[in-house]
Amino acid sequence: MSDDLRLGDLDVDGALEEAIAALHGETRSAFLRRAVVGGAALLAASAAPAQAAIDRRDVAILNYALTLEYIQESFYGEVERIGALTGGLAEQARVVGAHERAHVKAFRQVLGARAVKRPRFDFRGATEDSDRFRRTAVAFEDLAVAAYKGQAPLIQSRAYLVPALAIHTVEARHAAWIRRLAGITPAADAFDQPRSKKSTLGIVAATKFEVMKPSSRRRPRFTG
Amino acid sequence: MNERRTRAEIFERALLTGGAVAAGGIAVAAVADPAGSQPSPAQDAELLNFALLIEYVQAGFYADALRRGSLTGEVRAFARRVGAHERAHVAFLRKALGGKARKAPELDFGDDTTSPERFTDASLKLEDLAVAGYNAAAPNLTKPALAAAAKIVSVEARHAAWIRAIAGVTPAPDASEPQLSAQRVMKTLKGSGYLG
């Protein structure tokens, strides 16, 4: 697949590397981002052949991660659709929203038919006002970092541990980014603590953002 | 001076090719674990010593920058807080490793800590390098060591995002973090001239 760009394939003689290194960091980021589109696809592709054999515990962990990604994806997606944010906040929501979409897509591909359905959300104004957006985004991102950290040692297969760790630190970057925009220190402590699934889902439930659990049964579209 | 400048540039080049290692690594992971990568206490000691080396370099870097005194405002606040974090990471890893902990290396940061601009540029690359190195090493750790490393790596990612924001570049360039093998990180640190 041509989308699965690999820098190594392109850059065997280092010529391209030299050229990019001479450019500004932003360009390097843009270039790497292309590789990461490939990376997200690879997360799914790597798991696809083994899908039928995913450990039951890993299925539960991946679905839990997907649940957290659904919330974030829906949150930033709604922020973008409403368009109430400007400047640095709008940029953060746009970039982070794209990351969360990539995460959702990757987990759904890995899980296939076992993926939990997307719940319906009502963010109760948090997507319409910059101050409420900031506070909610800080909470979500810090929560995601702690949640991934709690799960990493529980993942059975290396095939899912590697991408989960790669997402974990991206969530930490999101958290630091929005904390700075909210005027609070991006890195408060020398050590970030994990949070259990039960505690994390308790916090999610307390927000009341999730208004409808998707039905586990598929309703027939047509009757009669 | 220009020769000094290239120290920081070496990080950038390493991470560029590091992206390739990361993408390849994810694809390969499902096929087979590389031989000899089965987690073990002996391998933990090796990998945690690698992490300790990264932390020594970072702690030394921030201490050097603060000693030189050219930093002001948010950049200085960043160096102070992050420097304290790196010292805490050094202490934590030394304690975890006990008698197996490596010695502090000789460090030379050249001119990379002499101005806010150079500091910011080098710090950004050092923090990105640390995250990429931890993420590559972490899957090879035993579960208890992985849990401990995970508490550190997200803090390194916060540092990276923070200094990137200060530098005016995107704090989170990728949806999936690139990785860099311990060998590549070591080569990069040696190539930078920071490590003797």
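# Chatting through chains A and B

Me: Is Pro178(B) buried or exposed?
Reply: Pro178(B) is buried, because 28 other C-beta atoms lie within 10 Å. The word has cut-offs: 20 or more other C-beta atoms within 10 Å makes a residue buried, 12 or fewer makes it exposed, and anything in between is partly exposed, with the C-beta atoms placed from the backbone.

Me: Before I go on, what kind of model is this?
Reply: This is a predicted model, in which local features need pLDDT of at least 70 and side-chain atom pairs count only at pLDDT 80 or more, while totals for chains, interfaces and linings use all residues. Residues are numbered from 1 along each chain as its sequence is written, and chains are lettered from A and ligands numbered from 1 in the order in which they are written.

Me: Back to Pro178(B), then. Where does Pro178(B) lie?
Reply: Look in the loop between helix 5 and helix 6 (182-192) of chain B. Helices here are DSSP runs of H or I with at least four residues, strands are runs of E with at least two, and both are numbered from the N terminus. Pro178(B) and Leu129(B) are 49 residues apart along the chain, with 9.5 Å between their C-alpha atoms.

Me: How many helices and strands does chain B have?
Reply: Chain B has 6 helices and 0 strands. Reading from the N terminus, you get α-α-α-α-α-α. Chain B has 196 residues, and 55% of them count as buried.

Me: Which residues of helix 3 of chain B are buried?
Reply: They are Phe78(B), Ala79(B), Val82(B), His85(B), Glu86(B), His89(B), Val90(B) and Leu93(B). Their cover includes helix 2 (41-68) and helix 5 of chain B. A handy general point is that an α-helix has 3.6 residues a turn, so residues three or four places apart point the same way.

Me: What comes just after helix 3 of chain B?
Reply: Gly98(B), which takes a positive phi of about 55 degrees. Just after helix 2 of chain B, Gly69(B) has a positive phi too, about 75 degrees.

Me: And which residue has a positive phi although it is not a glycine?
Reply: Arg124(A) is one of them, with a phi of about 50 degrees. Most residues other than glycine have a negative phi. You can find Arg124(A) in the loop between strand 1 (120-121) and helix 6 of chain A. Arg124(A) counts as partly exposed because it has 13 C-beta neighbours inside 10 Å. Lys208(A) has a positive phi as well, near 60 degrees, and counts as exposed with 11 C-beta neighbours inside 10 Å.

Me: New topic! At what angle do the axes of helix 4 and helix 6 of chain A cross?
Reply: The axes of helix 4 (residues 56-82) and helix 6 (residues 130-151) of chain A cross at roughly 165 degrees and come within 11 Å. Axes are lines fitted to C-alpha atoms, for helices over the stretch in contact, and angles run from 0 to 180 degrees between N-to-C directions. Helix 4 and helix 6 of chain A are therefore roughly antiparallel to each other. On this scale, under 35 degrees is roughly parallel, over 145 roughly antiparallel, 65 to 115 roughly perpendicular, and the rest oblique.

Me: Which residues of helix 6 of chain A make the contact?
Reply: Phe133(A), Phe140(A), Ala144(A), Ala147(A) and Gln151(A) do, while helix 4 of chain A brings residues including Leu68(A) and Gln72(A). Contact means that two C-beta atoms, placed from the backbone, lie within 7 Å.

Me: What is Ala144(A) in contact with, leaving aside its neighbours within four places in sequence?
Reply: Leu68(A), Gln72(A) and Glu171(A). Ala144(A) counts as buried, because it has 26 C-beta neighbours inside 10 Å.
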